[in-house]
Amino acid sequence: MPPAVSVQGLSKSFRVPSEQVHTLKERVLHPLRAHRDERFEALRDVSFDVEPGEFFGIVGRNGSGKSTLLKCLAGIYRADDGAAWIDGRLSAFIELGVGFNMDLAARDNIRINAVMLGLSGRQARGREDEIIAFAGLEQFQDLKIKNYSSGMLVRLGFAIMAHVDADVLLIDEVLAVGDAAFQQKCYDQFNRIRDEGRTVLFVTHDMGAVERYCDRAMLLEKGEIVAMGKSHRVGQEYLRVNFADLHAAPEEPPPSEDGEEEAPTDASADEPEEPSRLTDGRAEIVRAWFEDSDGSESGALPHGSRCAFAAVVRFNEQVEHPLFGFVLQNDRDQTVFAASTAWTEERSGVFGAGDEVTYRVRFENVFSGGRYFATPAVAHRGAGIAWIDRREKFASTLVTSTRSTDAAVDIPYEIDLVPA
Amino acid sequence: MTTTNAPGRPLSGPTALGGDPRRFLRLTWTLAVTNFKLRFYGSALGYLWQLMRPLLLFGVLYVVFTQFVRLGGDIHDYPVVLLTGIVLFTFISEATSTGVSSIVANEALIRKVEFPRMAIPCSVVLTALFNLGLNMVAVVVFAVISGVDLHSSIIQLPVIVGALVAFVLGIVLFTSAMYVKYRDVQPIWDVILQMLFYGTPVLYPIEVVQDDFPRAAEWIVTLNPFAAIVQQMRHAAIDPTADSAAVAAGGWGHLALTGLITLAILGGGLLVFRRRAPYVAEEL
């Protein structure tokens with residue numbers, strides 16, 4: 001079957017004027033100024049095919065070019081180079097309820113919106129009742145929509161979107177709005193669209209939604225495709241790309257071409273306040289870090305992988321059979337995990353002054369996505385707690401996960417559905 | 001991957017008219033009707049307010065130019081001529097001042113929905129045309145009261161209004177596209193609009209100029225399409241004894257030049273808008 005959407009070598013750049021010429025006067029006074037424009041390449045040679053009936057996710061960070069790609073496909077921007085083919089009728093939803101006129105009733109707005117999206121006047125009128133019913137606004141259909149609640153407006157916008165017969169739908173994070181009940185309705189609608197066999201291109205940050213709905217996905221980074229394939233694999237890649245940078249030196253976020261996407265997550269907000277330390281000076285914890293499944297140091301641990309916590313202890317005096325361990329806390333200060341040689345290794349050995357030892361705790365990463373802090377500790381053996389050195393929140397890591405739950409852990413499970 | 005087996009239609013990006021002219025017309029009509037309805041929505045006196053502007057201007061000018069400065073004293077049906085001129089000028093002023101900023105004012109729409117871009121400035125002109133129709137009703141009532149006879153030459157009305165719309169549409173297309181990039185187009189246009197008002201025999205009859213500067217009067221009508229339109233309107237609809245546009249311009253050759261200027265304005269506006277339309281979304 002021929003692809004529903006075929007994009008070949010699409011490129012798009014925007015002018016970034018170093019000195020913006022805003023008026024004819026400036027243009028006349030400084031005729032050469034405009035030639036110093038720089039161009040920002042939002043999309044570079046992007047090619048992909050989407051099969052009919054496929055639910056295709058386009059993911060990427062702010063400024064990665066995904067919105068630009070959508071707008072090129074939607075016919076809002078003209079691409080500089082390359083070509084795209086769409087098989088069938090296309091509808092793009094960059095935002096819900098664009099072009100709503102607050103002084104008109106729902107019915108008039110439906111008509112205007114439908115005509116704008118390309119329906120004929122008769123088609124629009126024929127669908128009005130259906131749209132109002134779908135949005136559940138029968139009681140309010142004669143009310144000016146400026147008196148609607150935001151939820152009602154979103155419902156109306158979504159209802160219109162759902163009733164434009166399009167073979168190919170382009171959707172840009174419209175689900176990011178509305179309350180939980182409405183989001184559920186959107187997701188139901190998504191499932192319906194998918195079951196009807198329509199082709200959907202879905203642009204989002206929400207990896208959970210991508211994994212739930214998309215058959216395939218594509219990851220854009222700096223205007224180029226860096227991964228394409230099964231949505232789970234692309235999701236993992238997205239998290240890797242996203243958090244690799246977060247862990248590295250803080251970098252200026254790339255310019256977002258429309259400034260309408262949400263701000264990038266602020267890593268510094270998660271830093272602990274003043275890490276406290278309890279020590280008697282006989283030994284000190286010099287360094288602590290997390291390791292990924294390959295055993296290399298990492299600031300981000302994928303959920304479900306085998307990873308490790310490690311710390312280096314330097315002894316200043318001789319200590320016999322100390323206890324080594326650490327506790328792991330999430331960003332809500334809940335202790336989710338504690339490990340200690342107290343339960344595994346009765347006699348850890350005798351260490352002399354100047355000795356250095358690395359202890360490593362290997363564990364299965366069953367934790368939910370989010371930031372975690374490790375407090376490593378060395379203590380004297382015996383009853384009661386006598387710390388040799390304990391460094392509060394000495395190391396931190398991010399657990400990356402495509403599922404977002406409110407629970408502290410996300411352990412493997414199976415669910416059986418048995419008809420009663 | 002080859003381009004030959006690609007199905008469906010290739011994407012061309014946004015254009016002035018879009019692929020489907022019916023969609024363009026439908027959208028222009030819907031937008032214009034909506035704007036027109038909104039003006040009167042929830043206001044019982046809406047029509048009166050709509051009339052207020054030209055009527056007030058008319059009242060002031062009428063008193064000034066018949067009582068203090070006796071400009072229109074010996075002109076046949078001067079009040080009707082004056083009111084007609086003012087109503088026509090109100091159309092230009094309304095269409096162009098809304099039109100200049102129309103693309104920018106609809107930024108949200110343009111950046112987020114694909115539709116024929118030209119529908120926006122065209123709908124502005126169409127809304128102004130609806131208002132012109134309403135105002136004309138008042139002019140007709142006034143003319144009947146003043147005892148203006150109906151002449152067969154009234155059938156020229158659609159042609160005259162057509163020329164006026166072509167003139168205004170050209171200006172609106174040009175200025176709205178330019179305003180996206182150059183924000184001083186608006187003040188510049190305001191000045192030109194003032195010049196157009198005084199450069200047109202609206203508050204002074206063309207005879208005043210003809211008496212003292214016969215050549216100047218001819219050039220005013222030749223070079224200013226609006227002057228020719230106003231003059232022809234007066235000749236065809238109110239007073240057949242007044243000079244027609246062709247006579248006032250100094251012959252058919254001159255009037256042909258006026259026609260060319262009008263077409264050049266319309267053509268230029270269309271051309272500029274068509275060239276800018278694909279990029280307005282990113283330049284906003």
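Of the 10 residues of strand E19 (residues 370-379) of chain A, 8 are buried, so E19(A) is largely enclosed by the rest of the structure. Buried here requires 20 or more other C-beta atoms within 10 Å of the residue's own; exposed is 12 or fewer, partly exposed is in between, and C-beta atoms are placed from the backbone. Helices (H or I, at least four residues) and strands (E, at least two) are DSSP runs, numbered from the N terminus.

Before I go on, the conventions. This is a predicted model, in which local features need pLDDT of at least 70, side-chain atom pairs count only at pLDDT 80 or more, and totals for chains, interfaces and linings use all residues. Residues are numbered from 1 along each chain as its sequence is written, while chains are lettered from A and ligands numbered from 1 in the order in which they are written.

Back to E19(A) and its pairings; two strands pair if DSSP finds at least two bridges between them. With strand E15 (residues 323-330) of chain A, E19(A) pairs in the antiparallel sense over 8 bridges, and Phe326(A) stands opposite Pro376(A) there. Strand E21 (residues 395-400) of chain A is also an antiparallel partner of E19(A), over 5 bridges, with Ala374(A) bridged to Ala395(A). Strand E20 (residues 387-391) of chain A runs antiparallel to E19(A) and is joined to it by 3 bridges; here Ala379(A) has Trp387(A) as its bridge partner.

Another set of strands in chain A involves E13. Strand E13 (residues 306-315) of chain A pairs antiparallel with strand E11 (residues 283-291) of chain A over 8 bridges, and Arg287(A) faces Val312(A) across that pairing. E13(A) pairs antiparallel with strand E18 (residues 356-364) of chain A as well, over 9 bridges, and Arg306(A) has Glu364(A) as its partner in E18(A).

Now the open sheet. What is the strand order in the open sheet of 6 strands in chain A? The order is E5-E6-E7-E3-E8-E9, and the pairing is mixed. Strand E5 (90-93) and strand E9 (224-230) of chain A are at the edges with a single partner strand each, so one side of each has no neighbour in the sheet. Neighbouring strands are turned against each other by 15° on average, direction ignored. Axes are lines fitted to C-alpha atoms, for helices over the stretch in contact, and angles run from 0 to 180 degrees between N-to-C directions. Within this sheet, strand E3 (residues 55-60) and strand E8 (residues 216-221) of chain A run parallel and are joined by 5 bridges. Gly60(A) has Leu220(A) as its bridge partner in E8(A).

Helix H2 (residues 66-74) of chain A packs on the sheet and touches E3, E5, strand E6 (168-172), strand E7 (199-204) and E8 of chain A. The direction of H2(A) makes about 145° with that of E6(A). Is H2(A) buried or exposed? In H2(A), 9 of the 9 residues are buried, so the helix is largely enclosed by the rest of the structure. Among them are Lys66(A) and Lys71(A). Gly75(A) follows H2(A) and has a positive phi, near 85°.

Helix H5 (residues 150-162) of chain A has 13 residues and reaches 18 Å from its first C-alpha to its last, close to the 18 Å expected at 1.5 Å a residue; the expected span is 1.5 Å times one less than the number of residues. Its buried residues include Arg155(A) and Phe158(A).

On to the contact between the chains. It takes 38 residues from chain A and 34 residues from chain B, where two residues are in contact if their C-beta atoms, placed from the backbone, lie within 7 Å. Strand E1 (5-16), helix H1 (24-29), H2, strand E4 (81-86) and helix H3 (106-116) of chain A each supply at least two residues of the side that touches chain B.

Finally, confidence. Chain A averages a pLDDT of 81, and 86% of the residues score at least 70; pLDDT is the predictor's confidence in each residue, from 0 to 100. Over residues 247-274 of chain A, pLDDT stays under 50. Where pLDDT is low, the predicted coordinates should not be read in detail.
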